[in-house]
Amino acid sequence: MVSNELKQKSMSRLLIAFVYLFVLGSCQVEEEDINMPLEPVSFAAVQLNDCFWAPKIEVNRKVSIPSAFQKSEETGRVDNFALAAGLIKGEHQGDFPFDDTDIYKILEGASYALAVEYDAKLDNYLDSLINYIGAAQEEDGYLFTCLTNKCERLQRWYGKGRWDRLNSHELYNCGHLYEAAVAHYQATGKKSFLNIAIKNADLINEVFGYGEGQKAVPSGHPIIEMALVKLYRVTDDEKYLKLARFFIDETGKGTNGHKLNAYSQDHMPILEQEEAVGHAVRLGYLYSGVTDVASLQNDEALMEAAKRVWNNVVSKKLYITGGIGQRAQGEGFGPNYRLPNMTSYCETCAAISNVYWNYRLFLNDADAKYYDVLERTLYNGVISGVSLSGDKFFYDIPLESVHNHERAPWFGCACCPGNVTRFMASIPGYVYAVGENSIFVNLFAQCDAEIRVDKSVVKIRQETRYPWEGNVKLKIEKAPEGKMALMVRIPGWAQNQVVPSNLYNFMNENSEQFVIKVNGKTISTKLNKGYAGIKRNWKRGDVVELELPMPVRKVLTNDKVENNQGKFALQRGPVVYCFEDKDNSNGWMFDNFVDTNTAVENQFEEELLGGVVSLTMEAKNISEQGIQATTLRAIPYYTWNNRGTSNMLVWMPARQDKTVQKPVASVRDLAEPKASTNWAPGLNDGFEPKSSDDTDKSYFYWWLREGAEDWVEYSFEKPVSLSSSSVYWLNLDHYDVSYRVPENWNLEYKTGGGKWIAIDTSDEYGVELDKYNTVHFKPVETKAIRLNAKQQEGFSAGILEWKID
């Protein structure tokens with residue numbers, strides 16, 4: 001049924017544009033040509049007072065930022081600076097050399113918060129942190145506390161000393177330092193933190209380059225590229241822009257003999273890249289810097305390289321939520337069209353980097369397609385990274401769960417909480433942008449803004465209940481001198497386009513059209529790169545109204561995304577929905593299906609999850625008793641896991657053969673999985689693999705254990721009787737991540753005395769692909785059974801499912 005729908009021809013977008021030209025109305029306006037690039041509008045110039053973003057930003061200010069600072073103090077991140085400054089005695093704390101960046105990121109977010117609402121206590125606290133940071137900085141500007149503190153535990157990262165290893169994260173730390181310092185300067189006008197950043201950047205400029213005695217290597221973990229551009233914009237010192245270009249040009253060259261590595265985004269020169277591979281966050285940060293530099297230097301070849309990779313992501317590797325990064329291995333990208341759901345990685349930081357990258361592409365091209373991706377990521381992939389309470393965070397964010405994923409207050413590698421705090425506080429800066437005699441309205445949120453356009457200061461009030469309602473009013477509170485164009489973005493979803501590619505499609509066309517009115521009169525306007533331009537002599541009191549139809553839409557995936565075939569997702573406006581057991585009788589969820597022709601109702605529920613529009617529909621449930629009618633409720637994806645762990649899915653089966661019945665109770669349900677590597681997910685989740693490379697559901701693998709001897713086991717509180725074992729081996733070959741069946745394997749059981757004894761069997765320990773390899777043996781009474789595996793040289797092994805009976 002769904003496959004037939006996918007084959008239906010979409011209405012020509014050209015025809016839709018033709019219809020827009022002839023919308024009835026008597027108020028005529030001039031059309032506006034877009035001159036690029038555009039200029040950002042500062043976050044401080046926009047005061048949000050809406051029902052959606054303002055409460056979240058306030059939670060970030062009152063809860064997320066203070067709790068992140070508290071965790072940073074509890075885990076020694078603040079003390080590390082004091083120790084480096086010689087202010088206290090002790091040992092360096094933490095497991096990672098980039099822990100310094102957590103302080104920088106939270107400080108950046110706190111600076112944004114100060115600009116929105118001044119807080120003397122917070123201001124003083126930031127000053128104290130900056131004093132610590134400045135005192136920890138070495139005389140020549142070097143700032144990297146784990147090396148200054150001579151932390152031998154972390155020597156495997158930084159090597160013999162300064163700049164010894166490409167992946168030491170020294171330059172990554174510098175990048176976040178610059179970003180935080182610029183934000184603090186812009187928010188407070190103080191130069192204390194900015195001077196620290198400049199001193200460090202001047203050192204980097206001396207150490208790295210093509211001169212005699214300088215190091216010619218890429219940054220290792222990108223972000224310094226985009227951060228140097230920010231420093232350039234603030235100081236107007238071109239050496240920082242040139243230094244950013246240097247790190248970009250060094251990418252993928254292999255200069256000085258360093259090994260090329262996709263994980264570090266260092267596998268080939270930027271100008272040669274066409275596909276998104278490697279670490280997803282690093283790619284987003286790197287290409288944000290690439291886009292910045294290409295735009296400022298008017299380098300068309302470099303910009304085209306960025307767009308090639310963007311096209312690959314948007315057409316083949318983008319999740320419906322705007323998330324990027326398909327796999328946990330290397331926290332990175334997988335093959336084209338391979339978009340697993342339960343094992344999707346979609347790191348919170350990667351979603352944030354995706355916003356950064358699309359925003360910069362938009363500023364260069366003034367094309368709404370980049371904001372279509374940005375908005376999708378913002379409303380779904382980013383804000384799902386933080387709980388509604390503001391004190392718990394996702395690191396990776398899957399599109400399915402079986403009570404096996406939840407937010408946490410903090411992480412050992414705490415990059416995501418700090419990133420959330422700085423990003424949430426900066427959201428007002430994404431609402432508008434400025435061009436030549438023009439203001440671009442990019443996001444819809446109730447707010448008051450004071451925007452400088454050429455020589456005029458324009459005040460605009462935006463009134464809306466977006467994303468729950470599609471009506472937007474733009475009121476001119478202070479008019480500009482002369483003519484000005486108001487460029488209003490018409491979202492792709494309002495033009496029957498899910499994303500700017502054929503990766504996703506709406507199942508049916510929506511015939512309702514958007515409407516634009518000026519002072520109550522409908523106007524006709526031609527879209528220019530997704531923007532409706534209204535150019536006129538404005539006066540105080542003028543009102544522009546935008547009406548965006550918001551029906552519930554069913555979304556289908558490109559035929560090449562195999563695991564989503566026969567399923568659909570739900571979207572209303574920019575919001576993607578999911579089904580969580582908490583709203584559906586705490587059910588299994590995967591045993592339901594909804595016919596594609598089923599009507600979906602929506603209603604705003606003020607008391608549900610902070611106030612959301614929920615969806616309800618008739619469905620069918622599959623059980624041992626047969627097929628039964630039921631009713632399902634869906635909630636916005638960003639709100640899941642705010643009521644405890646759950647069964648959850650985004651892609652709903654549209655027919656019975658795509659459902660998965662709840663597994664029948666077995667002895668495995670009593671077992672606790674364990675592994676030699678201390679991590680044993682997916683061994684017994686009840687989902688049957690379709691093949692040895694089926695990684696859509698949870699699975700187990702030994703990470704970076706090529707050629708090693710390892711084990712997994714099931715342990716029980718009480719003895720159980722076992723007589724067979726069936727294992728389904730993993731076999732993958734994805735870029736730099738490959739898994740093979742083990743060289744050999746065997747089974748053991750634990751005696752009452754705690755001794756491991758070999759299982760007595762005459763069956764072969766098989767390693768066949770795409771099937772269970774079953775071993776029968778004489779029944780044993782035991783409290784634990786273990787599978788030992790000798791992995792092939794050069795390859796790790798993994799298990800999709802391990803059954804015992």
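Colleague: Why is Asn678 called exposed?

Modeller: Asn678 has a relative accessible area of 75%, and exposed means over 50%, buried under 20% and partly exposed in between (1.4 Å probe, protein chains only); Asn678 is therefore exposed. This is a predicted model, in which local features need pLDDT of at least 70 and side-chain atom pairs count only at pLDDT 80 or more, while totals for chains, interfaces and linings use all residues. Residues are numbered from 1 along each chain as its sequence is written, and side-chain values use heavy atoms, with hydrogens and water left out.

Colleague: Where is Asn678 placed, and what is its phi?

Modeller: Asn678 lies in the loop between strand 25 (672-675) and strand 26 (700-701); strands (E, at least two residues) and helices (H or I, at least four) are DSSP runs numbered from the N terminus. The phi of Asn678 is positive, about 65 degrees, although this residue is not a glycine.

Colleague: What makes Asn519 count as partly exposed?

Modeller: The relative accessibility of Asn519 is 36%, so this residue counts as partly exposed. Asn519 is in the loop between strand 11 (515-518) and strand 12 (521-522), and its phi, near 50 degrees, is a positive value in a residue other than glycine.

Colleague: Why are helix 4 and helix 6 called oblique to each other?

Modeller: The axes of helix 4 (residues 77-84) and helix 6 (residues 120-136) cross at roughly 45 degrees and come within 7 Å. Angles under 35 degrees count as roughly parallel, over 145 as roughly antiparallel, 65 to 115 as roughly perpendicular and the rest as oblique; helix 4 and helix 6 are therefore oblique.

Colleague: Which residues of helix 4 and helix 6 meet, and what is their class?

Modeller: With contact taken as heavy atoms within 4.5 Å, Val78, Phe81, Ala82 and Ala84 in helix 4 meet Leu129, Tyr132, Ile133 and Ala136 in helix 6. By class, this contact has 8 nonpolar residues, with no polar and no charged ones (Ala, Val, Leu, Ile, Met, Phe, Trp, Tyr, Cys and Pro are nonpolar, Asp, Glu, Lys and Arg charged, the others polar, Gly among them).

Colleague: Why do strand 2 and strand 12 stand at the edges of the sheet?

Modeller: The open sheet has 7 strands in the order 2-6-7-8-15-11-12, with antiparallel pairing. Strand 2 (46-48) and strand 12 each have a single partner strand, so one side of each is left without a neighbour in the sheet.

Colleague: How do you know that strand 7 and strand 8 pair?

Modeller: Two strands pair if DSSP finds at least two bridges between them, and strand 7 and strand 8 have 6 bridges, in the antiparallel sense. Among these, Lys459 has Lys478 in strand 8 as its bridge partner. The loop between strand 7 (456-464) and strand 8 (471-478) holds Pro467, which a cis peptide bond joins to Tyr466, with omega about 10 degrees.

Technical notes:
Axes fitted to C-alpha atoms, helices over the stretch in contact; angles between N-to-C directions.
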